[in-house]
Amino acid sequence: MPLKTSSLLVKATLLLSSSLTVMAGATIAPSLPAMRDYFAATPNADYWVRLVLTIPALFIAIAAPFVGTMIDRFGRKPLLAFAVLLYGIAGTSGAVLNDIGMILVGRVLLGLSVAGIMTTATALIADYYTGAARAQFLGFQAGFMGLGGVLFLSLGGFLADVNWRMPFLIYLLALLILPLVVLVLPEPDRTEAAQNLGVDATEVFPWQIAGLTYLAALLSQIVFYLIPVQLPFYLKQLVNATASQSGLAIALATLFSAASAIAYKQIKARVSFIGIYAIAFLSMAVGYLVISISPTYAMVLVGLAIAGAGLGLLMPNMNVCLTSVTPISLRGRVLGGLTTAFFLGQFVSPILSQPLSSVVGLDGTYRLAGGLMVGMGAIALGLGWRWR
């Protein structure tokens, strides 16, 4: 029988399922230089190898709105279970495939599975918990994803030093989580929940708040994904870094992201949604500007830590803000839209940064990204001043 939502096992299952989403792309980031060398004879190998990292994001973005609609109509748990199963099979396929085209097909299927996991796990959290408990758990979700990222990225870096295929085996973790999803998670009674909360199921979609949140998510992820996509190449150019050094550097940003996400509930108790956006964007700005002027590996790490601390506040802030103004009957759809914005930004990032970096260099690209974050932080401060 499924357990109560207050059960530690239910919470652990939600957190473990959520951690799979951070593995989708960045886990194999340290493998990119070696993968590029392996497929050097393939025309446009530089482009195709980077696409292996980012194409899941495109299909997450495409599928997430459909997932949101499906789980609002037909329930959460069956789709989550199927998505976790597909994730384990598709994610691992890169360890055995020898054709870059077939590897890309596996990554497409991985993207479809992540759309299901990300949207459904967050919707379940919003269904199970309310108020401060929801804010705390969404902070824990983002933090746990960050901690998972530290583990998976560090492990991915060391495995990539052995062989570029090895990090793909990390995706097998999903098959260990699948029994927990099937046996532990309860399907929420959303009709009863709506009645208990006094929610009118005919309420409209919060277009204005959602639109601004989606735009912020899109731009912040374009900037964030300069780290897993371009940092291994930047560090190789700067200090001839190994794959494991690149993996540890990316993991450091993720560690600081996790720490700030876990502290989100305490910060939210003192600062408004707009205030948290301003803090997050300006922290990312400082971090990226430090990276862009860094002459050493250690200074790059300082910039990554500052940027990661800002990034960690964004996801829980967006999730809590949206779920607090969205009727239960529309929750899957609004979260599906947020998932689309997040991962569309990740997909677009290398498409924009690759030609940009060839013109202004990777240091110039990080500098421009920092400037964009300064602008977004200034807008958030302006909105906070206007609405105070």
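**View 1. Contact of helix α4 with helix α7.** In this predicted model, α4 meets α7 through Lys77, Leu80, Ala81, Val84, Leu85, Tyr87 and Gly88, which face Ala174, Leu175, Leu178, Val181 and Val182 of α7. By class, the residues of this contact comprise ten nonpolar, one polar and one charged. Helix α4 spans residues 77–92 and helix α7 residues 173–184; the two pack at an angle of about 165°, and their axes are 8 Å apart. Because angles over 145 degrees count as roughly antiparallel, α4 and α7 are therefore described as roughly antiparallel to each other. The crossing of α4 past α7 is left-handed.

**View 2. Packing of helix α6 with helix α11.** Helix α6 (residues 131–162) packs with helix α11 (residues 243–262) at an angle of about 170°, with 7 Å between their axes. The pair α6 and α11 is therefore roughly antiparallel. The contact of α6 with α11 is made up of 16 nonpolar residues, nine polar residues and one charged residue.

**View 3. Lining of the largest pocket.** The volume of the largest pocket is about 490 Å³. Its lining has 19 residues, of which Leu212, Thr213, Ile274, Tyr277 and Leu383 are the closest to the pocket centre. Two or more lining residues come from each of α9 (207–224), α13 (273–293), α14 (297–325) and α15 (331–387). Helix α9 gives the largest share of the lining, with seven residues. In the lining of the largest pocket, 16 residues are nonpolar and three are polar, with no charged residues.

Terms used:
Residues numbered from 1 in each chain as written. Predicted model: local features only at pLDDT ≥ 70, side-chain atom pairs only at ≥ 80, totals over all residues. Heavy atoms only, no water. Axes fitted to C-alpha atoms, helices over the stretch in contact; angles between N-to-C directions. Helix = DSSP H or I, 4+ residues; strand = E, 2+ residues; numbered from the N terminus. Parallel < 35°, antiparallel > 145°, perpendicular 65-115°, else oblique. Nonpolar A, V, L, I, M, F, W, Y, C, P; charged D, E, K, R; others polar. 1 Å grid on protein atoms, 1.4 Å probe; cavity = no way out; pocket = protein on both sides within 12 Å on 5 of 7 lines; lining within 4 Å. Points joined across faces, edges and corners; volume = space filled by probe spheres on them. Left-handed = near helix turned anticlockwise from the far one by under 90°. Contact = heavy atoms within 4.5 Å.
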